[in-house]
Amino acid sequence: MELTQATIIPVVLALTEVAKKLGLRTKWCPVLAIALGAVGSVYLNTVDLSSILSGIVYGLSASGIYSGTKSVLK
């Protein structure tokens with residue numbers, strides 16, 4: 001993983017927190033984090049399945065896999 005790719009996770013985390021402060025329901029924060037991770041990964045790479053899947057992993061890492069799925073399923 002390159003340094004630019006490693007910075008996606010804290011950026012996604014920060015943007016998700018900003019969205020939460022602006023009124024986004026906590027339930028939707030993991031979904032936003034996954035979307036932001038995918039967009040960030042595609043932005044840094046080419047548009048292909050590998051980049052999108054990497055972005056999803058970045059988003060899951062930023063939101064916390066366990067707590068993210070738990071809050072969405074509630």
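Among contacts between residues at least 6 apart in sequence, 55% join residues at least 24 apart. The model you have open is predicted. Colour by secondary structure next: the protein has five helices and zero strands, and from the N terminus on the elements read α-α-α-α-α.

**Stop 1: helices α2 and α3**

Select residues 8–21, which form helix α2, and residues 29–44, which form helix α3. Two packed helices are described by the angle between their axes and the distance between the axes. Here the axes come within 9 Å and cross at roughly 140°. Angles over 145 degrees would count as roughly antiparallel, and α2 and α3 are therefore oblique to each other. The crossing of α2 and α3 is right-handed.

Now show the side chains where the two helices meet. On the α2 side, pick Ile8, Val12, Leu15, Thr16, Ala19 and Lys20. On the α3 side, pick Cys29, Leu32, Ala33, Leu36, Gly37, Gly40, Ser41 and Leu44. The residues of this contact of α2 with α3 divide into nine nonpolar, four polar and one charged.

**Stop 2**

Centre on Thr16, in helix α2. Is Thr16 buried or exposed? Thr16 has a relative accessible area of 6% and is therefore buried. Leaving aside neighbours within four places in sequence, Thr16 is in contact with Cys29, Leu32, Ala33 and Leu36.

Move on to Leu36, in helix α3. Leu36 has a relative accessibility of 25%, so Leu36 counts as partly exposed. Not counting residues up to four places away in sequence, Leu36 touches Val12, Leu15 and Thr16. For a distance to check in the viewer, take the C-alpha atoms of Leu36 and Tyr58: these are separated by 8.8 Å, and the two residues are 22 residues apart along the chain.

Then select Ser41, also placed in helix α3. Its relative accessibility is 0%, so Ser41 counts as buried. Which residues does Ser41 contact, leaving aside its neighbours within four places in sequence? They are Ile8, Ser51, Ser54, Gly55 and Tyr58.

**Stop 3: helices α2 and α4**

The axes of α2 and α4 come within 8 Å and cross at roughly 60°. That angle makes α2 oblique to α4. The crossing of α2 and α4 is right-handed.

To see this contact, select Ile8, Ile9, Val12 and Leu13 in α2, which meet Tyr58, Gly59, Ser61 and Ala62 in α4. By class, the contact of α2 with α4 has six nonpolar, two polar and no charged residues.

**Stop 4**

In soluble globular proteins, nonpolar side chains tend to be buried together. To find the largest nonpolar core in this model, select its five residues: Ile8, Val12, Ala33, Tyr58 and Ala62.

End on Val12, one of the residues in the core. Not counting residues up to four places away in sequence, Val12 touches Ala33, Leu36, Gly37, Gly59 and Ala62. Val12 is among the α2 residues that meet α3, and also among the α2 residues that meet α4.

Terms used. Residues numbered from 1 in each chain as written. Predicted model: local features only at pLDDT ≥ 70, side-chain atom pairs only at ≥ 80, totals over all residues. Heavy atoms only, no water. Helix = DSSP H or I, 4+ residues; strand = E, 2+ residues; numbered from the N terminus. Buried < 20%, exposed > 50% of the residue type's maximum accessible area, 1.4 Å probe, protein only. Contact = heavy atoms within 4.5 Å. Axes fitted to C-alpha atoms, helices over the stretch in contact; angles between N-to-C directions. Parallel < 35°, antiparallel > 145°, perpendicular 65-115°, else oblique. Left-handed = near helix turned anticlockwise from the far one by under 90°. Nonpolar A, V, L, I, M, F, W, Y, C, P; charged D, E, K, R; others polar. Core = buried A, V, L, I, M, F, W, Y, C linked by side-chain atoms within 4.5 Å.
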